[in-house]
Structures are given as structure tokens and as C-alpha cells.
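Have a look at the sequence and the fold, then read on.

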Amino acid sequence: FSNNWGANFALLLPFVCAFWGQLRTLTRRNILRLVAVASLVPVVFSLNRTLWLALIVILVYGGARFAVRGRKGSFQAICAVAIVAYLLFNFGPTGKLITDRAQVAHSNAGRALLYNEAKDSVAKSPMMGYGAPRASQRNPNLPPVGTQGQFWLVFFSHGFPGAFFFVSFVAFAVMRTRKARTSAALWCHIALLIGLII
């Protein structure tokens, strides 16, 4: 479930940023700032590396796109968040937690097993897939096959055609929205880009 939570967090964050830009009162902006800071606690402690990657893409790509448009605050925000992230990831209890997590590779082995099982299973039913995630035949203690990300869900459930059309549509949508003219439209474009990562 932490995978789904992380994916939802990453996909919804650009919409929160778009909403942030629409707020007119300082009180509401400050409330949203507090909620944003509080939300970083589960982000760090979930140890969801795909979520971290998505947040880096949002920060760097989004900040660069807005900085090109003349928003100096975007560059300052990138620097501030980069400093906070560096401190969180390298010092104090969060730094130790992340270091300990990196040294324990059991979840990597479990994911690799599920990825390989999904590929091998779809090779036996390439056109239709299996309709939904299923319990792992190789290790029933692991999460169901097809639950390790949106791509793997579509790939395992609907086979090669489903995965091809799914990825093609999202990539097409990213390309079509890359010239977004308004801030809200640019945040929507960034959400689609995150959809490719997640």
C-alpha cells in the first residue's frame, strides 16, 4: 500500500502546487505551507524511493520550467528544498534511517522476483494478461504480482497491448502539453510527466 500512497502523493502534488498559486490570502497560503511541511514526515519515513525520484523531478524540472518563465522564486525554492533534503538525508535520525534502509536489500530482491515473475507470466499470456494482480507463485509471502507500480499493474493485467497503449497515451499527453502557457496547465503537464515515472 505504501507504493500506491507514494504514487498518489507524487501525482497529486503538482495539483496542490497549482492550487497554491491560486490562493490569494496569506493565511491560506501559510496553512498550505504547514500541511506541505507536515507531509514531508511520511514521505521521508516511507522510504519510497520512487516517490523520492518523482519529487526530485517535480522540483528540478518544474523549478527550471518556471525559472525560464522569469519566476526567480522558483530557483530560490529549488535551492531551499535541496538544502533541506540534503540535511534530512545525511544527518540526524532520518539520515541514519535512510542509510540503514540502503544497506538492507531484501525489498530489492523481492521486487526483482516480482518483476521477473510478471515478465515470465505475461510471456505465457501476452495478448490478454491476467485481468488483475495475483498472488506470487514463487513466494506467497510477497505482495501480489502486478502491484509494484502502475506500469506493472497494466502490464500484468492486460498484457503487451495494454502496456503499449497505456505508455503511449501518457507519453503522447506529456508531449502535447509540454508548451503549456499558464501556470496551472504547466503543473498538469508535470503531473503527466510524473505518471510516466510512477
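## A walk through the model

N4 is partly exposed, at a relative accessible area of 48%; the scale here calls a residue buried under 20% relative accessible area, exposed over 50% and partly exposed in between, using a 1.4 Å probe and protein chains only. N4 sits in helix α1.

Residues are numbered from 1 along each chain as its sequence is written, and side-chain values use heavy atoms, with hydrogens and water left out.

Helix α7 (residues 150-176) has the highest confidence, at 94, and helix α5 (residues 92-103) the lowest, at a mean of 69. Where pLDDT is low, the predicted coordinates should not be read in detail.

As for the fold, the chain has 8 helices and 0 strands, taken as DSSP runs numbered from the N terminus (helices H or I, at least four residues; strands E, at least two). The C-alpha trace spans about 55 × 45 × 25 Å along its principal axes. Of the 198 residues, 31% count as buried.

| Residue | Relative accessible area | Class |
|---|---|---|
| N4 | 48% | partly exposed |
| G6 | 1% | buried |
| R28 | 55% | exposed |
| S125 | 18% | buried |

Back in helix α1, we also find G6. Leaving aside neighbours within four places in sequence, G6 is in contact with N48 and L51. G6 and W52 are 46 residues apart in sequence, with 8.8 Å between their C-alpha atoms.

R28 belongs to helix α2. From R28 to F89 it's 61 residues in sequence and 29 Å in space, C-alpha to C-alpha.

S125 is in the loop between α6 (106-124) and α7. Not counting residues up to four places away in sequence, S125 touches Y130 and G159.

Finally, the largest pocket has a volume of about 1500 Å³. A pocket is an open set of points on a 1 Å grid over the protein atoms alone, where a 1.4 Å probe fits, with protein on both sides within 12 Å along at least five of seven lines; lining residues have an atom within 4 Å of a point. There are 43 lining residues, and L13, C17, W20, L59 and V81 lie nearest the centre. Helix α4 gives the largest share, 11 residues. By type, the lining has 32 nonpolar, 8 polar and 3 charged residues, where Ala, Val, Leu, Ile, Met, Phe, Trp, Tyr, Cys and Pro count as nonpolar, Asp, Glu, Lys and Arg as charged, and the others, Gly among them, as polar.

Notes: Predicted model: local features only at pLDDT ≥ 70, side-chain atom pairs only at ≥ 80, totals over all residues. Points joined across faces, edges and corners; volume = space filled by probe spheres on them. pLDDT = per-residue confidence, 0-100. Contact = heavy atoms within 4.5 Å.
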